[in-house]
Amino acid sequence: MRHLLVGLTMMAPLALVAMPAQAQANDPAASVAIAQGDYASAERTLLQELRIHPGRPELLLNLAAVYSRTGRVNEAQTLYRQVLGQRDVLMDIAADRTAGSHAVANTGLRRIETASQLTVR
């Protein structure tokens, strides 16, 4: 099972949209940077990890979270769709909760869509 970096308490206000996917073995520095709002550092770390582990859903979801939080909606949507194009992977999102990578990606896409609709109004 894959692990997510930030628990649901951090994700609750965003309802999983920009939720960093817990991958402590792969990107602990990125998860800390995301939690601290240091998106530039998180992005650098995640891009480095993706060069080593291309396509890892937890890394893609974390990077999508960074892109979403920094206003790069199109890039975030692309990454969420990339996750949806892969096999669904069950991930630990907190000590006692799990979610599939597809559920997280779909939630992210829906939240971006909702935010876009609110902006248009």
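In which handedness, left-handed or right-handed, does H2 pass H3 at their crossing? H2 passes H3 in a left-handed crossing, a crossing being left-handed if the near helix is turned anticlockwise from the far one by less than a right angle, and right-handed if clockwise.

This is a predicted model, in which local features need pLDDT of at least 70 and side-chain atom pairs count only at pLDDT 80 or more, whereas totals for chains, interfaces and linings use all residues. Residues are numbered from 1 along each chain as its sequence is written, and side-chain values use heavy atoms, with hydrogens and water left out.

**Overall layout**

The chain holds six helices and three strands, where helices (H or I, at least four residues) and strands (E, at least two) are DSSP runs numbered from the N terminus. Read from the N terminus on, the elements follow the order β-α-α-α-α-α-β-β-α. Of the 121 residues, 46% count as buried; buried means under 20% relative accessible area, exposed over 50%, and partly exposed in between, with a 1.4 Å probe and protein chains only. Among contacts between residues at least 6 apart in sequence, 54% join residues at least 24 apart, a contact being heavy atoms within 4.5 Å.

Helix H3 covers residues 39–52, and at 1.5 Å a residue its 14 residues should span 20 Å, which agrees with the 20 Å between its end C-alpha atoms; the expected span is 1.5 Å times one less than the number of residues. Its buried residues are Ser41, Ala42, Glu43, Thr45, Leu46, Glu49 and Leu50, and these pack against helix H2 (28–35) and helix H4 (57–69). An α-helix has 3.6 residues a turn, so residues three or four places apart point the same way.

| Helix pair | Axes come within | Crossing angle |
|---|---|---|
| H2 and H3 | 8 Å | roughly 160° |
| H3 and H4 | 10 Å | roughly 150° |

The angle for H3 and H4 makes H3 roughly antiparallel to H4, given that angles under 35 degrees count as roughly parallel, over 145 as roughly antiparallel, 65 to 115 as roughly perpendicular and the rest as oblique. The crossing of H3 and H4 is left-handed, and in it Tyr39, Ala42, Glu43, Leu46, Leu47, Glu49 and Leu50 of H3 meet Leu59, Leu60, Asn62, Leu63, Val66, Tyr67 and Arg69 of H4.

H2 and H3 are likewise roughly antiparallel to each other. Their contact is made by Ala29, Ala30, Ala33 and Ile34 of H2 together with Tyr39, Ser41, Ala42, Thr45 and Leu46 of H3.

Strand S2 (residues 90–94) and strand S3 (residues 97–100) run antiparallel and are joined by four bridges, strands being paired if DSSP finds at least two bridges between them. With two residues between them, S2 and S3 form a hairpin, in which Met91 stands opposite Ala99 in S3.

Ser101 lies in helix H6, which covers residues 101–120, and counts as buried because its relative accessibility is 0%. Not counting residues up to four places away in sequence, Ser101 touches Pro57, Leu61, Val83, Arg87, Asp88, Val89 and Met91. Arg111 also lies in H6, but at 32% relative accessibility Arg111 counts as partly exposed. The C-alpha atoms of Arg111 and Ser68 are separated by 9.8 Å, although the two residues are 43 residues apart along the chain.

Notes
Axes fitted to C-alpha atoms, helices over the stretch in contact; angles between N-to-C directions.
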